[in-house]
Amino acid sequence: MNENNYVAIMAGGIGSRFWPVSRLNYPKQFIDLLNVGKTLIQSTYDRFAQYIPNENIYIVTSTQYKEIVESQLPQLKPENILCEPSRKNTAPCIAYISYKLNELNPNSNLICAPADHLILDDTSFRKVSLEALEFTAKNSALITLGMKPFSPKTGYGYIQHEQYAVNDNVYKVKTFTEKPDLELAKQFLISGDFLWNAGIFVWRTEYIIKAFEKYLPEIHEIFDGAKKQLTTSLEHEAIETIYPQCVNISIDYGILEKADNVYVIPSEFGWSDLGTWGSAYENLEKDNLENAVAGNNVMLFDSAKNIVHSHNDKLMLLQGLEDFIVVDTEDVLLVCKKEKEQHIKEYVAEVKRSKGEKYL
């Protein structure tokens with residue numbers, strides 16, 4: 001294992017589209033959504049632990065989830081759990097780990113990955129990750145992993161790359177496109193040079209810091225001024241001061257869409273961002289009527305193409321449903337047409353307005 005290789009697993013999100021299983025105090029990255037015996041963050045950790053030293057694996061999460069991370073990943077050293085006092089999107093999160101690691105090891109080579117994504121082919125993922133780390137170790141490059149699309153998804157961002165590789169399977173990025181409409185997504189698929197943006201990044205901390213200095217100078221100034229404290233007992237105090245000053249912005253919008261040294265590796269490793277119940281449905285085993293069930297005591301009659309997530313061992317009996325999301329928790333039952341899943345965030349907002357935060 002290369003001692004200069006590090007991983008930052010980003011685990012601060014709230015996963016509101018997976019309500020009511022994902023809650024503010026216990027979001028989806030800490031849940032076994034797919035009924036595999038491990039939570040999403042545990043699966044992500046295990047994947048990286050195969051080729052990144054344990055002491056080089058960091059979790060960046062919200063202060064309120066620190067104890068959950070400690071209980072689910074007891075093998076991590078407490079100092080490898082970095083806590084954000086507020087949610088400011090991915091740019092401040094990545095700045096925090098990057099400036100800290102660069103102080104600890106100026107040659108640090110970093111993978112930044114979400115805690116809640118599904119990857120089915122760990123072997124292919126490892127191969128692509130090591131290819132990326134090898135390239136960034138030798139080049140002033142910011143790499144993002146792009147997934148070869150198999151359908152015109154409108155829920156993903158897209159990356160367009162140059163026609164010819166600069167090195168084996170590494171291509172220069174031409175454009176980024178936020179979630180397109182269906183017609184544009186179809187054109188992207190036909191063109192052959194567009195990939196889904198997986199939100200997994202690889203770079204030397206030295207070069208992402210230079211990018212912060214150039215494209216997000218306000219964030220650079222704040223972190224650069226406090227970088228010495230990030231490796232001392234003053235770290236917590238420094239972060240409490242830094243975060244209120246940070247703008248809420250993604251690394252894609254703040255840096256990658258502007259920088260001229262961004263590259264992509266076209267990849268296929270069975271990836272899903274598990275952003276919605278529909279994406280969970282696609283990745284769960286199904287019965288002969290295409291029902292996907294996560295639960296020990298569910299009975300279905302005259303029902304097809306549903307996703308059902310039940311609470312513990314409660315008997316759930318469904319009849320006559322087709323293309324529904326049915327989620328039962330201790331205090332909430334959600335029954336929603338699959339085609340309306342994009343509205344779940346709006347429903348959660350309405351629950352908050354009319355019922356307060358009790359059910360969030």
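Analyst: Domain bounds here come from an automatic or database domain assignment. On that basis the protein splits into domain 1 (5-272) and domain 2 (277-355). Their centres, taken over C-alpha atoms, are 30 Å apart. Domain 1 gives 14 residues to the contact and domain 2 gives 19 residues; contact means heavy atoms within 4.5 Å.

A word on the basis. This is a predicted model, in which local features need pLDDT of at least 70 and side-chain atom pairs count only at pLDDT 80 or more, while totals for chains, interfaces and linings use all residues. Residues are numbered from 1 along each chain as its sequence is written, and side-chain values use heavy atoms, with hydrogens and water left out.

Now the helices. They are DSSP runs (H or I, at least four residues), as strands are (E, at least two), numbered from the N terminus. Start with α4, residues 122-138. Its 17 residues reach 25 Å from first C-alpha to last, close to the expected 24 Å. That expected span is 1.5 Å times one less than the number of residues.

At the start of α4, a side-chain oxygen of Asp121 comes within 3.3 Å of the backbone nitrogen of Thr123. This is a polar contact (a pair of N or O atoms within 3.5 Å, one able to donate a hydrogen and the other to accept it; residues adjacent in sequence count only if both atoms are side-chain atoms).

Buried means under 20% relative accessible area, exposed over 50%, and partly exposed in between (1.4 Å probe, protein chains only). In α4, the buried residues are Phe125, Val128, Ser129, Ala132, Leu133, Phe135 and Thr136. They share one side of α4 because they cover an arc of only 165 degrees around the axis. The arc is that of the directions from the helix axis to the C-beta atoms. The face turned away carries exposed Thr123, Lys127 and Lys138.

Helix α1 (residues 40-49) is largely enclosed by the rest of the structure, because 7 of its 10 residues are buried. Among them are Leu40, Tyr45 and Phe48. The buried residues of α1 pack against several elements, including β1 (5-11), α2 (66-72) and α4 itself.

Compare α7 (residues 217-226), where Ile219, His220, Ile222, Phe223 and Ala226 are buried. These fall within an arc of 165 degrees, so they line one face of α7. They pack against α3 (90-104), α6 (205-215) and α8 (235-242). Glu218, Glu221 and Gly225 are exposed on the face of α7 turned away from that buried side.
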